[in-house]
Amino acid sequence: MKDLSIIQEYTICAVNEKGKFPALSTEKAVCFVTAGILELRLEKCISIDGKKLDITGELPANRQYLKPLYNVIAQKAPVRLERVIEAYNYCLTHKHSDQLMESVGISLMQLGLAKEGRTGLLGSKKSFIPTQEAVRSVVEMLRAELLEDGEITEEAATLVILLEKGKCLKPYFSQFEQKEIKKKLRELIDSPEGKLVKDMVSYIECLIAASASSAASV
């Protein structure tokens with residue numbers, strides 16, 4: 001399977017059989033947006049100063065599926081992190097979240113890793129259903145890196161943290177495997193080489209806290 005980005009891999013594992021996030025699963029949706037923000041930061045498209053996001057570079061050609069999120073940030077940059085989370089998770093029309101999901105979903109379809117579905121009242125909304133092969137490939141990659149001997153890549157660590165915070169691990173890993181994964185991540189975080197992963201955990205928790213704060217103010 002072709003190399004995928006963090007948000008593409010997260011989407012493949014996080015959506016349900018209808019190709020959408022369950023209506024009551026705020027964590028899954030928050031981690032979806034978080035994955036996009038992380039990618040923009042890694043690509044040096046945005047900076048994060050405290051709780052504010054700002055534009056620092058153009059969106060690369062190979063990350064055009066992040067354009068809906070990039071545009072939301074660019075329109076009011078510098079913009080508070082809570083405002084971005086709020087736009088995606090507490091807007092009554094769900095316009096922004098639908099646009100980002102469609103953009104990421106189309107990128108997966110173009111790679112042959114998802115098919116189009118229909119959800120909503122009378123099937124009025126598009127959804128994107130990952131293929132079984134796509135799901136199996138991502139899960140096997142995580143299993144190989146996190147349950148076998150060897151070094152864990154930054155990408156795998158970031159993805160599994162997002163999946164754990166989004167409560168997405170249960171369908172793919174047994175309780176024993178989940179405990180082993182969390183143990184290995186703790187060991188990595190406590191090691192000298194794990195500073196970046198430790199910072200990533202703190203950052204993701206900050207975003208989820210921002211989401212909770214936005215929800216309380218709505």
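This is a predicted model: local features need pLDDT of at least 70, side-chain atom pairs count only at pLDDT 80 or more; totals for chains, interfaces and linings use all residues.

Me: What makes helix 2 and helix 3 roughly perpendicular to each other?

Reply: The axes of helix 2 and helix 3 (residues 67–76) cross at roughly 75 degrees and come within 10 Å. An angle of 65 to 115 degrees counts as roughly perpendicular, and therefore helix 2 and helix 3 get that name. Helix 2 contributes V33, G36, I37 and L40 to the contact, and helix 3 contributes L69, Y70 and I73. By class, six of these residues are nonpolar, one is polar and none is charged.

Me: Why does I37 count as buried?

Reply: Buried means under 20% relative accessible area. I37 has 0% relative accessibility, so I37 counts as buried. This residue belongs to helix 2. Its C-alpha atom is separated by 7.9 Å from that of L69, although I37 and L69 are 32 residues apart along the chain.

Me: Why is helix 2 described as largely enclosed by the rest of the structure?

Reply: Helix 2 has 17 residues and 13 of them are buried, so the description follows from that count. For the protein as a whole, 47% of the 218 residues count as buried.

Me: How do you know that the span of helix 2 is close to the expected one?

Reply: The expected span is 1.5 Å times one less than the number of residues. For helix 2 (residues 26–42) the expected value is 24 Å, and the helix reaches 24 Å from its first C-alpha to its last.

Me: Why is helix 1 called roughly antiparallel to helix 2?

Reply: The axes of helix 1 (residues 6–14) and helix 2 cross at roughly 165 degrees and come within 8 Å. Angles over 145 degrees count as roughly antiparallel, which means that this name applies to helix 1 and helix 2. Their crossing is right-handed. On the side of helix 1 the contact is made by I6, I7, Q8, Y10, T11 and A14, and on the side of helix 2 by E27, K28, C31, F32, A35, G36, E39 and L42. By class there are eight nonpolar, three polar and three charged residues in this contact.

Me: Why does K184 count as buried?

Reply: The cut-off is again under 20%. K184 has 18% relative accessibility, so K184 counts as buried. K184 is found in helix 8 (residues 175–190). Leaving out residues up to four places away in sequence, K184 touches E145, L146, E148, D149, G150 and I152.

Me: Why do K44 and K167 count as exposed?

Reply: Exposed means over 50% relative accessible area. K44 has 64% relative accessibility, so K44 counts as exposed. K167 has 56%, so K167 counts as exposed too. K44 is in the loop between helix 2 and strand 1 (46–49), and K167 is in the loop between helix 7 and helix 8. K44 has a positive phi of about 65 degrees although K44 is not a glycine. K167, also a residue other than glycine, has a positive phi near 60 degrees.

Me: What is the omega of the cis peptide bond from A77 to P78?

Reply: Omega of that bond is near -5 degrees. P78 lies in the loop between helix 3 and strand 3 (79–80).

Key: Residues are numbered from 1 along each chain as its sequence is written. Side-chain values use heavy atoms; hydrogens and water are left out. Helices (H or I, at least four residues) and strands (E, at least two) are DSSP runs, numbered from the N terminus. Buried means under 20% relative accessible area, exposed over 50%, partly exposed in between (1.4 Å probe, protein chains only). Axes are lines fitted to C-alpha atoms, for helices over the stretch in contact, and angles run from 0 to 180 degrees between N-to-C directions. Angles under 35 degrees count as roughly parallel, over 145 as roughly antiparallel, 65 to 115 as roughly perpendicular and the rest as oblique. A crossing is left-handed if the near helix is turned anticlockwise from the far one by less than a right angle, and right-handed if clockwise. Contact means heavy atoms within 4.5 Å. Ala, Val, Leu, Ile, Met, Phe, Trp, Tyr, Cys and Pro count as nonpolar, Asp, Glu, Lys and Arg as charged, and the others, Gly among them, as polar.
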